[in-house]
Amino acid sequence: MSALRRWSSNRMAMGTVGVGILFGFGASASYASEGFVASQVIRHYAPGLVLAAHSSTFGMGYLLALWGRQFRHRQSVNRAGLFWVVLTGLGLAAGTSSLYSALGEAPLSVVAPIVGSVPLMSYVFVLLLLRGQERITPRVLMGASLVVAGVALISIYNA
Amino acid sequence: MTLGIVFALMAALGWGAGDVFARRALDHMPSGLAMTLAMFVIVPTLVGLALLVHGPSAFTGLPLVFYALAALGGALGYVSGQLLHLAAINKAGVTLTAPLIGAAPLLAMLMGVTLGGERPNLPTVVGAFVIVAGVVILLTDRRTLKE
């Protein structure tokens with residue numbers, strides 16, 4: 001009976017992770033499409049930082065339209081949650097603005113492989129802040145390193 | 001050049017840290033609310049930087065097509081992109097999600113081939129195989145998948 005329960009709980013956990021993986025691929029496809037649009041805009045109409053400012057303003061408008069009800073219902077947000085959200089915003093804004101600044105100072109062939117190391121940077125922070133919540137196995141580290149190497153290869157030879 | 005490398009490292013550091021900070025934020029609220037609140041930090045920062053670097057011209061005299069494409073970019077990056085990204089972190093964790101998101105250049109390459117009629121060179125094809133191998137290794141790690 002306990003084996004059946006364990007099997008059932010394992011299947012449920014893998015199902016949740018599976019949905020997360022699908023979401024991850026969906027996000028990856030969205031970012032790739034956004035990158036394609038951004039490259040056209042930067043090439044023909046405006047600098048990257050100007051585009052980032054406008055895109056984020058539009059993005060905020062969409063999110064407020066979708067999630068504004070949460071604010072009207074005054075969904076409670078505790079201080080710890082707010083603290084991590086502010087840090088998330090600062091991290092993402094720093095990432096976006098630094099990328100566009102980097103592209104103004106160095107060629108894409110130098111910038112892209114460094115920026116491609118995001119998964120490995122994430123792992124450093126996972127070790128610092130999510131110890132006990134997430135585990136980085138040698139297999140995961142090897143898989144992420146291959147992804148970073150592949151991205152670097154594509155970036156360097158297409159810059 | 002050195003400054004460019006420093007900025008590139010800062011970009012990787014910012015996004016890498018952002019993923020983990022988001023994971024902690026998601027312990028306290030749903031992903032949509034977390035992303036909406038984070039935008040109250042992201043937008044003023046990016047708008048302020050654009051004004052600082054480009055002055056008022058960053059917001060004047062831009063053609064209509066720019067606004068249309070910026071609106072499309074906002075939908076792809078911040079609605080479908082960031083929301084799915086945070087939902088993925090919430091369900092699969094940073095450890096699995098970060099490399100999947102990192103594989104976006106592979107999808108961009110596939111788009112270039114299928115939609116843009118591009119012909120990838122040999123290093124690009126090799127790079128694509130290396131990325132796919134990495135993703136397969138990640139997705140077959142049973143210890144991580146069971147957590």
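Student: What makes A:Y123 count as being in contact with B:V94?

Tutor: Contact means heavy atoms within 4.5 Å. Leaving aside neighbours within four places in sequence, B:V94 meets that with A:Y123, and also with others including A:S122, A:V126, B:V20 and B:P99. This is a predicted model: local features need pLDDT of at least 70, side-chain atom pairs count only at pLDDT 80 or more, and totals for chains, interfaces and linings use all residues, while side-chain values use heavy atoms, without hydrogens and water. Residues are numbered from 1 along each chain as written; chains are lettered from A and ligands numbered from 1 in the order written.

Student: Which residues touch the most other members of the largest nonpolar core?

Tutor: A:V85, B:M35, B:M39, B:I42, B:L86 and B:V94, out of 33. Such a core joins buried (under 20% relative accessible area, 1.4 Å probe, protein chains only) Ala, Val, Leu, Ile, Met, Phe, Trp, Tyr and Cys residues through side-chain atoms within 4.5 Å. Helix 2 of chain B gives the most, 9 residues. A helix here is a DSSP run of H or I, at least four residues, numbered from the N terminus.

Student: Where does helix 2 of chain B bend?

Tutor: At B:M39, by about 30°. That is the angle between axes fitted to the seven residues ending there and the seven starting there.

Student: What follows helix 2 of chain B?

Tutor: B:G55, whose phi is positive, near 75°.

How values were computed
Helices (H or I, at least four residues) and strands (E, at least two) are DSSP runs, numbered from the N terminus. Buried means under 20% relative accessible area, exposed over 50%, partly exposed in between (1.4 Å probe, protein chains only).
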